[in-house]
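Here is a short report on one protein model.

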Amino acid sequence: MKANPALVRFVWVAVIFLAFIGIAVATRRSVVLLKPGALSSRNNPAADLDKAFTDRRTLTLTHILPAMLFMVLGPLQFVRRLRSKYPRVHRWCGRIFLATSAVVGVTGLTLAFGKTIGGVDEKAGRLFFSGVFS
């Protein structure tokens with residue numbers, strides 16, 4: 001069965017778009033945590049959220065920095081040309097992907113048991129996704 005090329009292209013565009021969103025969010029959070037006040041403004045709608053993550057700076061960075069690598073390496077696991085021409089690179093990317101997945105999952109669980117902005121709903125979401133990652 002041959003895959004529909006338009007559907008495959010759409011899925012790849014969606015995956016890359018979502019990965020860029022995740023990387024952009026993680027980059028912003030990293031800048032806010034590493035250089036406090038760098039992105040702050042008078043009417044910052046994310047001020048409470050920034051404060052909550054600043055209280056757990058090390059844990060948050062331990063969560064989001066590997067997550068950026070996870071978002072880059074994940075889609076690469078499905079690139080057929082990489083698998084066939086460079087199998088060693090593919091396998092190492094997969095190993096690093098799994099290691100980052102474990103780190104993201106464990107730190108996400110740890111963050112979920114701490115103080116959250118979104119209350120029970122946020123904790124439930126974090127527990128579910130951390131379980132999937134771990």
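## Surface and charge

Accessible areas come from the Shrake-Rupley method with a 1.4 Å probe, and for residues only the protein chains shown count as cover. The accessible surface of the chain is about 9,300 Å², with 70% belonging to carbon and sulfur atoms.

There are 19 positive and 5 negative side chains. Lys and Arg count as positive, Asp and Glu as negative; His and chain ends are not counted. The centres of the two sets lie 20 Å apart, each charge being placed at NZ of Lys, CZ of Arg, CG of Asp or CD of Glu.

## Basis

This is a predicted model: local features need pLDDT of at least 70, side-chain atom pairs count only at pLDDT 80 or more, and totals for chains, interfaces and linings use all residues. Residues are numbered from 1 along each chain as its sequence is written, and side-chain values use heavy atoms, without hydrogens and water.

## Fold

The chain has six helices and zero strands (DSSP runs numbered from the N terminus: helices H or I, at least four residues; strands E, at least two). The C-alpha trace spans about 55 × 30 × 30 Å along its principal axes.

## Helix α5

Helix α5 covers residues 87–112. Its end-to-end C-alpha reach is 37 Å, close to the expected 38 Å (1.5 Å times one less than its number of residues). Its buried residues (under 20% relative accessible area, 1.4 Å probe, protein chains only) include H90, F97 and L111.

## Core

The largest nonpolar core holds A26, L33, F53, L61, I64 and M68. Such a core joins buried Ala, Val, Leu, Ile, Met, Phe, Trp, Tyr and Cys residues through side-chain atoms within 4.5 Å. Helix α3 gives the most, three residues.

How values were computed:
Buried < 20%, exposed > 50% of the residue type's maximum accessible area, 1.4 Å probe, protein only.
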